[in-house]
Amino acid sequence: QVQLVESGGGLVQAGGSLRLSCAASGSIFSIGAMGWFRQAPGKQRELVAIITSGNSTNYPDPVKGRFTISRDNAKNTVYLQMNSLKPEDTAVYYCNADAIIYGGGYLKVWGRGTLVTVSS
């Protein structure tokens, strides 16, 4: 099995910054795309950022220019640097990864989430 554990969430004032981390562990042979999603109260989960195994990135318009996703393949870890935070960025942030495990199986794995609260 593969587990994802997020960290780095918390309370920050508008205009501030936070850096989220997500570490993958378990019977991992390789990891493909990794991403960050968020879900605000009463809203659907939405994509925040995605990074491929070749380090290509993509962001939706609401976070483009403010958020940066990166990864450390040696540590099986993905990061999300969030700058110029706004109250509307308040949400639970989830990490996601496409993992190939030893034995050839494929898993799409989710973390349990970390809460980001941006005060005005």
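This is a predicted model: local features need pLDDT of at least 70, side-chain atom pairs count only at pLDDT 80 or more; totals for chains, interfaces and linings use all residues.

Modeller: Residues are numbered from 1 along each chain as its sequence is written, and side-chain values use heavy atoms, with hydrogens and water left out.

Colleague: Which residues have the most contacts inside the largest nonpolar core?

Modeller: A nonpolar core is a set of buried Ala, Val, Leu, Ile, Met, Phe, Trp, Tyr and Cys residues joined through side-chain atoms within 4.5 Å. Buried means under 20% relative accessible area, exposed means over 50%, and partly exposed lies in between, with a 1.4 Å probe and protein chains only. Here the largest core has 32 residues, and W36, L80, M82 and Y93 have the most contacts inside it. Two or more residues each come from β1 (2–7), β3 (18–26), β4 (28–39), β5 (46–51), β7 (67–72), β8 (77–82), β9 and β11 (114–119). The largest share, six residues, is given by β9. Such strands (E, at least two residues), like helices (H or I, at least four), are DSSP runs numbered from the N terminus.

Colleague: How many disulfides does the structure have?

Modeller: A disulfide is a covalent bond between the sulfur atoms of two cysteines. The cut-off used is a pair of cysteine sulfur atoms within 2.5 Å. A search of the whole structure finds one, and that disulfide joins C22 to C95 with an S to S distance of 2.1 Å. The pair links distant parts of the chain, with C22 in strand β3 and C95 in strand β9, 73 residues apart. The angle about the S-S bond is -85°, and the link is left-handed. Both C22 and C95 are buried.

Colleague: Strand β3 also holds S25. Which residues does S25 touch?

Modeller: Not counting residues up to four places away in sequence, S25 touches Q1, V2 and Q3. S25 counts as partly exposed because its relative accessibility is 35%.

Colleague: How many salt bridges does the structure hold?

Modeller: A salt bridge is a side-chain nitrogen of Lys or Arg within 4 Å of a carboxyl oxygen of Asp or Glu. The structure holds five. In one of them, the side chains of D89 and R38 meet at 2.9 Å, N to O. This pair links distant parts of the chain: D89 is in the loop between β8 and β9, R38 is in strand β4, and they are 51 residues apart. D89 is buried at 1% relative accessible area, and R38 is buried at 7%. A network of salt bridges links R38, E46, R66 and D89.

Colleague: How far apart are the closest N and O atoms of D98 and K108?

Modeller: They are 2.7 Å apart in the salt bridge of D98 and K108. D98 is in strand β9 and K108 in strand β10, 10 residues apart. D98 counts as buried, at 16% relative accessibility. Another salt bridge joins K64 and D61 (3.3 Å, N to O); K64 is partly exposed at 48%, whereas D61 is exposed at 63%.

Colleague: Which residues make the nonpolar surface patch of about 490 Å²?

Modeller: Patches are made of residues with over 30% relative accessible area and no salt bridge; like charges are joined within 9 Å, and nonpolar side chains (Val, Leu, Ile, Met, Phe, Trp, Tyr) within 5 Å. Accessible areas come from the Shrake-Rupley method with a 1.4 Å probe, and for residues only the protein chains shown count as cover. F29, I100, Y102 and Y106 make this patch. Y102 is in the loop between β9 (91–101) and β10 (106–110), and is exposed at 57% relative accessible area.

Methods. Contact means heavy atoms within 4.5 Å.
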